[in-house]
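Colleague: Could you take me through one part of this complex up close? I'd like the place where two of the chains meet.

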Amino acid sequence: MQNEIWITGIGICSSIGLNQDETLSNLEAEKSGLTLLNHLNSRFVNEAIVGEILLSDNELADYSVFKNTPGVHRSLFLADIACREALNQAGLSSLEMNEVMILNGTTTAGMTETEKEYEAFLRNHTTPSSYRARMVDCGCINRSLTEKYGLKFHSMTFSTACSSSSNAIINGANLLRSGKVTRVLAGGVDTLSRFTINGFNSLKNMSLSPCKPFDKDRIGLNLGEGAAYLVMETASSASARGREAMAIYRGGISTNESFHITGSHPEGDGAYHAMKLALEDADLDPADIDNIHAHGTATFDNDQAEGIALKKVFGDHPTFMSTKGYTGHTLAASGALNAVISILGMQKRKYWPNLGFEVIDPAHRLMPVVRSGDMKKPHVLINSFGFGGNNTTFIISNPSGCM
Amino acid sequence: MEDLIEKLKIQIIESLNLQDFTPMDIDTDAPLFGEGLGLDSIDSLELMVLLEREYGIKVNDPREGRKILESVRSMAEFITQNSSMAQ
Amino acid sequence: MYVISQYHLWRSIKPAQEAYILPDMSDLLDKNEIRRLGVTVRGAVYSGLKCLQIASVQSPEAIITGTGKGCVSSIEKFQEDIITYKETALNPSIFIQSTHNTVNGLIAIKCDSEVYNTAHVNYDQCIFNVLTDLETHFEQGKVENGLIGFFDEYTPFDDVLYEAGGFNSSTMVTDDDKSIIWSSAINFFFIQKKYLPGAISILSYELYRITETAKIKEFITSLSGTKNEVEYVCGDNNTYEWENFYLPLLPDGINSKVHHFKHKWGECATSTASGISEAMGKFQSESNSDSIQYQVVLNRVLDLSFEVVVLSRAD
């Protein structure tokens with residue numbers, strides 16, 4: 001019990017809400033946050049469907065403690081909003097904050113500003129400001145947050161594409177188990193940028209219409225932006241502070257397949273192994289899992305591979321869904337978003353439907369949930385699969401045990 | 001058509017950086033994917049970039065693209081039928 | 001942790017106008033495999049595989065990399081093309097290489113290796129994080145060895161950025177140079193949990209704020225070993241950085257036991273890895289006295305942090 005890993009705070013922002021309450025409200029209403037792209041300097045404005053937070057950078061700044069900090073960028077605002085929600089919920093003193101190590105997952109970091117600056121440099125030889133010059137790398141988010149909040153100086157940032165925040169969470173848990181750290185703030189953030197929209201468009205796996213995860217006629221993903229973080233600590237550390245667990249991190253694995261640099265193994269071998277190893281680490285059987293929060297990006301490759309793998313692990317009728325139809329694919333943040341949404345569901349003993357699904361895919365003949373329902377068991381399995389073949393699965397549990 | 005086929009072979013070699021190949025090494029009718037040149041899905045996307053930049057033809061669905069890119073000849077035929085920029 | 005093998009590229013800094021030159025890679029990579037890859041991705045994949053080959057290992061049990069900004073030339077090229085082609089007809093290969101774990105994925109494919117495989121991108125803290133990550137895996141009995149690697153890529157925009165950020169920048173090396181020289185670097189190491197004769201042990205690794213000079217000095221002083229047994233490998237450019245940032249941290253009168261490395265290797269986020277490669281070279285060189293038991297790598301990256309890595313002969 002004292003070695004259990006407890007989640008004592010959660011924070012989230014995405015196109016379906018700037019905090020837990022707004023997010024929950026939209027999930028309950030089964031309301032999608034997908035819209036036409038609004039705010040970028042891009043030809044995809046009013047053309048591509050995305051999960052955009054419909055606030056300009058200046059409007060987002062009003063929600064952030066970094067509002068007047070020179071050199072800031074959109075990712076930092078989103079990370080700050082979600083991190084502070086989680087930290088506030090965990091109820092930490094400033095001394096306890098000093099012991100928090102942040103593990104972050106991101107692919108874009110300051111890209112929304114960097115791409116503007118680089119263009120200005122190419123066109124007019126304009127040099128970036130001194131503040132901006134220090135915010136080009138992925139680690140800049142951690143540097144800003146650790147200084148502002150008074151967190152541990154030593155922090156980690158992962159960039160493994162779509163599985164980045166899941167790697168942050170799984171590594172956070174491993175570090176807690178090792179005794180190297182007392183508590184962690186683990187999660188991830190990514191924003192919409194011209195760079196990533198064009199990148200995914202070049203791969204021709206982006207859909208300009210609302211995405212259809214696991215549907216036979218899916219044509220690709222919708223990008224999204226968001227941030228989500230968990231405060232995780234050992235049971236003994238949390239109890240000593242008089243805190244209870246919102247959820248328990250049961251186990252997980254980060255692994256890699258070696259099939260292709262962007263495509264998943266068509267028979268889902270990588271996904272299958274990740275799920276099996278995660279269950280092993282959590283000391284659970286497939287029958288113990290009532291709810292699977294899938295990666296389900298609505299690309300042809302991912303959903304085929306994941307569907308086949310789900311069938312191999314869980315049989316013909318697993319209870320699974322993807323939430324990409326609500327938030328879009330938030331890339332690095334997606335695993336952490338899945339975790340927070342799953343915890344919100346756990347608190348209500350509920351799961352919400354997979355939006356966008358209509359027709360069963362003959363590749364595996366599985367059907368995700370199309371109506372909300374009651375969680376009958378306490379465990380949720382969460383998948384995130386990234387480019388480069390990086391496959392992560394982790395399992396979180398309702399601390400009340402049997403429902 | 002033969003001039004287009006020759007030009008295409010040079011463009012394919014350049015676009016995919018097939019350093020050890022000359023146009024003579026590419027069989028006009030052989031499959032580009034799987035056997036033969038052994039190209040993969042990323043290569044097919046790169047060839048679709050070639051079609052768009054050099055011939056103004058936009059292919060949105062990668063599966064449709066694979067049919068067009070079956071061989072150099074199928075590419076040339078498609079370009080002849082669809083492009084305002086082909087000779 | 002024992003370093004069984006290492007492989008690095010680009011120890012000598014090139015002026016910015018010259019391209020970074022790759023060795024003949026045909027022993028491990030054929031032209032078809034690398035034809036779509038940029039210089040740094042090729043170099044990093046080759047270095048990782050070469051490191052494994054030297055260690056006679058087919059497939060490592062973990063692959064962990066660290067990079068400050070990834071393959072920047074690919075990021076820049078994609079951004080330039082977005083402008084040139086007005087957001088149409090863009091090359092996916094370039095976008096793929098801008099992903100920080102592309103090197104990881106390519107090594108995994110070549111080794112047919114389905115193991116723990118991740119990319120750390122916390123800039124100056126990468127070496128500390130990668131070593132922490134691997135060591136935690138060793139301690140938890142998850143793996144017995146791992147391939148770790150660090151790569152960073154210089155582009156001319158670095159000079160613009162760092163000039164703007166308040167750091168001097170230069171693209172030419174001279175003896176009197178007082179500037180930071182931004183550089184590409186690739187350093188890979190194969191590390192094993194179990195001792196092997198001839199291996200170099202990573203005894204400890206520490207991360208400090210640059211203001212924690214008292215703590216750093218205390219740590220260095222606490223290292224056991226007589227003066228004759230220790231050499232210091234310092235990440236200064238052998239001029240003002242040495243006097244201001246490194247000399248005050250070291251025991252008195254040790255000038256003869258110091259090697260500077262940054263004027264040879266250049267600066268980048270993962271320059272501590274270059275220091276480790278330099279120290280490994282010192283252990284292996286014939287002119288190195290057998291009495292040298294420890295190489296202490298000290299490296300400060302910009303005004304962000306100070307890393308100390310202690311290497312020792314395992315025998």
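How many residues does the contact take from chain A and from chain C?

Modeller: Before the numbers, some ground rules: this is a predicted model, where local features need pLDDT of at least 70, side-chain atom pairs count only at pLDDT 80 or more, and totals for chains, interfaces and linings use all residues. Residues are numbered from 1 along each chain as its sequence is written, while chains are lettered from A and ligands numbered from 1 in the order in which they are written.

Now, your contact: chain A puts in 51 residues and chain C puts in 53 residues, with two residues in contact if their C-beta atoms, placed from the backbone, lie within 7 Å. On the chain A side, the elements that each supply at least two residues include α5 (111–124), α8 (164–178) and β8 (247–256). (Helices are DSSP runs of H or I with at least four residues, strands are runs of E with at least two, and both are numbered from the N terminus.) By class, that side of chain A splits into 16 nonpolar, 27 polar and eight charged residues. Here Ala, Val, Leu, Ile, Met, Phe, Trp, Tyr, Cys and Pro count as nonpolar, Asp, Glu, Lys and Arg as charged, and the others, Gly among them, as polar.

Let's zoom in on one helix pair. The axes of α8(A) and helix α6 (residues 126–139) of chain C come within 10 Å and cross at roughly 60 degrees. That makes α8(A) oblique to α6(C); angles under 35 degrees count as roughly parallel, over 145 as roughly antiparallel, 65 to 115 as roughly perpendicular and the rest as oblique. Axes are lines fitted to C-alpha atoms, for helices over the stretch in contact, and angles run from 0 to 180 degrees between N-to-C directions. The crossing of these two, α8(A) and α6(C), is left-handed, meaning the near helix is turned anticlockwise from the far one by less than a right angle.

Who actually touches whom? From α8(A) come A:Asn171, A:Asn174, A:Leu175 and A:Ser178, and they meet C:Asp133, C:Thr136 and C:Glu139 of α6(C). Sorted by class, the contact of α8(A) with α6(C) has one nonpolar, four polar and two charged residues.

For contrast, look at where chain B touches chain A: that contact takes five residues from chain B and five residues from chain A. Helix α2 (residues 41–55) of chain B gives the largest share of the chain B side, three residues. That side of chain B divides into three nonpolar, two polar and no charged residues.
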